[in-house]
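I opened this entry to log what I looked up in one model.

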Amino acid sequence: MPLSIAIIGSGPSAFYTVGALLKAGADCEIDVIERLPSPFGLIRGGVAPDHAKTKNVARAYERSALDEKVNYYGNIEVGRDVTFEDVANCYDAVVIAIGSALDRPLGVPGDGKNGVFGAAAFVGWYNGHPDFRDLDPDLNTEGVVVVGNGNVAIDCARVLAKTSAEMAATDLADHASEAIQASPLKDIYMCGRRGPVEAKFTNVELREMGELENCAPVVDGNHLPDSITEKMDARDLRVREKNLQSLRSFVGASGEGKDKRIHFAFYSNPVEVLGDEKVKGVRLEKTEVQDGRAVGTGEFTEVACGVVISAIGYRGEIFDGVPFDDSAGIAVNENGRVAPGVYAVGWIRRGPTGVIGTNKHDGDRAAAQILEDFTESKNPGRAAFEEILIKKGVRWITYEDWQKIDAAEQVAANPGAPRRKFTRVEDMLAVLD
Ligand SMILES: Cc1cc2nc3c(=O)[nH]c(=O)nc-3n(C[C@H](O)[C@H](O)[C@H](O)COP(=O)(O)OP(=O)(O)OC[C@H]3O[C@@H](n4cnc5c(N)ncnc54)[C@H](O)[C@@H]3O)c2cc1C
């Protein structure tokens, strides 16, 4: 009997695990269980709509999904539609690949005001993730503060800054496109507690901020050191030196004829969100970096804004039956092993770090561990799982169903755009009815 393996989640870490199991030629049945009808996790719901090439990696995942050993069970949330125990009882091995879907809270007074959003929510909104379809941020404001100095912060700023022509060939959700283009937004402040050397931007993403059609970068030249003195490995040093080059090229950018500005507010720690019920601004404390840590100087400024997007990191949550490290926001695991026959991969294993490819190591490791731990199958697998789904009245979709939804999105796309996304689960399912 083939080994029965369930993978919960269908993002990069899930599909790298599938790929490694297939590559190993294992005699197995692999079932990928995903809470949304649509697969691929943050490739669809996180990666910025104007970075279409990055999403091409999903083609390789699709090849795995179409392998005869693999079944896709979309629209099934473990913890809502079935329990983890249901899954664990059916399969020999269970791989948890559910990512880190929650925002880390800003954690300053006023962060619950109307107009403060976490990046997971804001990105989900512009990417048409059904969970955030009705977020409805009020962009009728001239100022937005984005807290964070990483690529997610840059994604949020760039999507807000680009013109409709720059976004025309993307799959930006219609509701987001309309709200952004109708907005009188002029100033986007990207606040980082530390400086340009510590910022986590990658080179291409930062450079792009100097090439926008209707938005000019604003950088204070006094924030840029002549050289990097901090100790770091050669690769990091190269990335940061190139970032400094980009930032230097932004200093004094005229911005003439451009309606929007992106302010790189380094050494700025948000200490309070201002306003009554609704956000009116952010109070920032100037900082200095001492031994790599940001230390407040007691000097404060305020910036006016109607929206705050906090891009300071993600955390996971988990269903009952799996040990969870609440402070780290990850599944308790030792090198990916959670319990006998239970493994974790990707962001839920190690936290929200790394690029798409970083998850491949996790997938390779989990596949190797499963094949090391099991020489024979003892659990019934797929047939028993489907019996539970039928008994519980759960409607699931197959990969072939997803391909129909995918095709409908592509047919509905604007000229040049890859797709027009369905943003509600019921609309996706209606394609199949
Ligand atoms: C905004 C943003 C932009 C990014 N852009 C880039 C980029 O341009 N380039 C790059 O290299 N990396 C990028 N990354 C990082 C990359 O997306 C991650 O490294 C990667 O997606 C993590 O993979 P994962 O499988 O752990 O999680 P995810 O991709 O989050 O996948 C988890 C999957 O599990 C499903 N799931 C969750 N809970 C359940 C449940 N209970 N039952 C069933 N299914 C469940 C989710 O719906 C989801 O499909 C970005 C990340 C973010 C947040």
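The notes below go from the whole chain to the ligand.

**Ground rules.** I am working with a predicted model, where local features need pLDDT of at least 70, side-chain atom pairs count only at pLDDT 80 or more, and totals for chains, interfaces and linings use all residues. Residues are numbered from 1 along each chain, as its sequence is written.

**Whole chain.** I counted elements first. The chain has 16 helices and 19 strands. Helices (H or I, at least four residues) and strands (E, at least two) are DSSP runs, numbered from the N terminus. Next I checked the radius of gyration, which is taken over C-alpha atoms; the globule rule is 2.2 Å times the number of residues to the power 0.38. The radius is 23 Å, close to the 22 Å the rule gives for 433 residues, so the chain is as compact as a globular protein of that length. Along the principal axes, the C-alpha atoms fill a box of roughly 70 × 50 × 40 Å.

**Domains.** I took the bounds as they come from an automatic or database domain assignment. Domain 1 is 3-101 + 316-430, and domain 2 is 102-314. Their C-alpha centres lie 31 Å apart. For contacts I used C-beta atoms, placed from the backbone, within 7 Å. By that test, 23 residues of domain 1 are in contact with 25 residues of domain 2. On the domain 1 side, the touching residues divide into 9 nonpolar, 7 polar and 7 charged. The classes are as follows: Ala, Val, Leu, Ile, Met, Phe, Trp, Tyr, Cys and Pro are nonpolar, Asp, Glu, Lys and Arg are charged, and the others, Gly among them, are polar.

Strands pair if DSSP finds at least two bridges between them. I traced 6 strands in an open sheet, in the order β6-β14-β7-β8-β10-β9, with parallel pairing. At the edges are β6 (116-118) and β9 (215-218), each pairing on one side only. The twist averages 20 degrees from one strand to the next. Axes here are lines fitted to C-alpha atoms, for helices over the stretch in contact, and angles run from 0 to 180 degrees between N-to-C directions. I then looked inside the sheet. Strands β8 (187-191) and β10 (260-265) pair in the parallel sense over 5 bridges. Tyr 189 has His 263 in β10 as its bridge partner. Helix α7 packs on the sheet, touching β7 (143-147), β8, β9, β10 and β14, and its direction makes about 175 degrees with that of β8.

**Mixed sheet.** I found another open sheet of 6 strands, in the order β3-β2-β1-β4-β19-β18, with mixed pairing. Both β3 (70-74) and β18 (337-339) have a single partner strand, so one side of each is left without a neighbour in the sheet. Strands β4 (93-96) and β19 (342-344) run parallel and are joined by 3 bridges. Helix α13 (358-373) lies across β1 (3-8), β4, β18 and β19, at about 165 degrees to β19.

**Ligand site.** Which residues come nearest the ligand? Of the 33 around it, they are Gly 9, Gly 11, Gly 41, Gly 99 and Gly 346. A residue is near if its C-beta atom, placed from the backbone, lies within 6 Å. Elements giving two or more residues to the shell are α1 (12-23), β2 (28-34) and α7 (151-161). Of these, α1 gives the most, with 3 residues. The shell divides into 16 nonpolar, 13 polar and 4 charged residues. Why does the ligand lie between the domains? Domain 1 and domain 2 both give residues to its shell, so the ligand lies between them.

Note on methods
Two residues are in contact if their C-beta atoms, placed from the backbone, lie within 7 Å.
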